[in-house]
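Trainee: I have a fold open on my screen and would like to learn how to read it. Can you walk me through a few features?

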Amino acid sequence: MKSAVIVFPGSNCDRDMAVALEKITGQKPLMVWHQEYDFDKVDFIALPGGFSYGDYLRCGAMSARSHIMKEVIKRAEAGVPTFGVCNGFQILTETGLLPGALMRNAGLHFVCKDVKMTVENADTMFTNAYAAGEEITIPVAHHDGNYFADKETLDRMEGEGQVAFKYAEDINGAQRRIAGITNAKGNVLGMMPHPERMIEPALGGSDGRKLFESVMNRLG
């Protein structure tokens, strides 16, 4: 699986993502700088965590309008699997590739710890290696992870299987404890927890590995 990691000024989890992708896929990902306009054909695009543009204006707001995102949006809309973690999730909502918004945590504190989540839909491009209802442990590290959408949008997403992951307990005030969602087509996933930091026992567990393996399963 050939992949690309999009790098913005202020990204600080791009190396974590690159290491995870290389270990799991066996290929080094392209590291694509935000000022580029295009990049080689890839099977998978990752938007890593961090504080792109220093979270100026709103988290992800400036990155969503960077040069490279026009190409990312075009490829995502064409069906290329696109994955945003933490700040990457915020960027995906700012572009409109995913519905809703990520707001300041309800407790107004940065949350950094391992959390338990449940797999709400195990029949997506990103979750098929898990079992439905499976409880997994993945670390979070965010200040603006409080997912919000209006009731109609939340009902629709839950009814159509777009909610991929939920926190086992309230972590940040997110509506319906939502931790990760997909778009309607199922090829774009955004989530606040960091699966790339939980891919092998040396890191404290391997629950995050199945997410990347799920994509590989679907791509064949």
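This is a predicted model: local features need pLDDT of at least 70, side-chain atom pairs count only at pLDDT 80 or more; totals for chains, interfaces and linings use all residues.

Trainee: How many salt bridges does a search of the whole structure find?

Mentor: The search turns up 14. Let's start with Lys 23 and Glu 200, whose side chains meet with N to O at 2.8 Å. Lys 23 sits in helix H1 and Glu 200 in the loop between strand E11 and H5, so this pair, 177 residues apart, links distant parts of the chain.

Trainee: Is Lys 23 buried, exposed or partly exposed?

Mentor: Buried means under 20% relative accessible area, exposed means over 50%, and partly exposed is in between. Lys 23 has 46%, so it is partly exposed. Glu 200, at 22%, counts as partly exposed too.

Trainee: Which residue forms a salt bridge with Arg 104?

Mentor: That's Asp 144, with the closest N and O atoms 3.1 Å apart. Asp 144 lies in the loop between strands E7 and E8, Arg 104 in the loop between E5 and E6, and the two are 40 residues apart. Use the same cut-offs here: Asp 144 is buried because its relative accessible area is 11%, while Arg 104 is partly exposed at 45%.

Trainee: And what about Arg 176 and Glu 158?

Mentor: Their side chains meet in a salt bridge, 2.8 Å from N to O. Arg 176 is in the loop between strands E9 and E10, and Glu 158 is in helix H4. Look around that pair as well: salt bridges with shared partners join Lys 151, Asp 155, Glu 158, Lys 166 and Arg 176 into one network.

Trainee: On to helices. At what angle do the axes of H1 and H5 cross?

Mentor: Roughly 55°, with the axes coming within 10 Å. Angles under 35 degrees count as roughly parallel, and 65 to 115 as roughly perpendicular. H1 and H5 are therefore oblique to each other. Their crossing is right-handed.

Trainee: Last one: which residues make the nonpolar surface patch of about 340 Å²?

Mentor: Tyr 56, Leu 57 and Met 62. Check Leu 57, in the loop between strand E3 and helix H2: its relative accessible area is 65%, so Leu 57 is exposed. For contrast, go to Thr 82 in strand E4. Thr 82 counts as buried because its relative accessibility is 0%. The C-alpha atoms of Thr 82 and Met 191 are separated by 12 Å, with the two residues 109 apart along the chain.

Note on methods:
Residues are numbered from 1 along each chain as its sequence is written. Side-chain values use heavy atoms; hydrogens and water are left out. Patches are made of residues with over 30% relative accessible area and no salt bridge: like charges are joined within 9 Å, nonpolar side chains (Val, Leu, Ile, Met, Phe, Trp, Tyr) within 5 Å. Accessible areas come from the Shrake-Rupley method with a 1.4 Å probe; for residues, only the protein chains shown count as cover. A salt bridge is a side-chain nitrogen of Lys or Arg within 4 Å of a carboxyl oxygen of Asp or Glu. Helices (H or I, at least four residues) and strands (E, at least two) are DSSP runs, numbered from the N terminus. Buried means under 20% relative accessible area, exposed over 50%, partly exposed in between (1.4 Å probe, protein chains only). Axes are lines fitted to C-alpha atoms, for helices over the stretch in contact, and angles run from 0 to 180 degrees between N-to-C directions. Angles under 35 degrees count as roughly parallel, over 145 as roughly antiparallel, 65 to 115 as roughly perpendicular and the rest as oblique. A crossing is left-handed if the near helix is turned anticlockwise from the far one by less than a right angle, and right-handed if clockwise.
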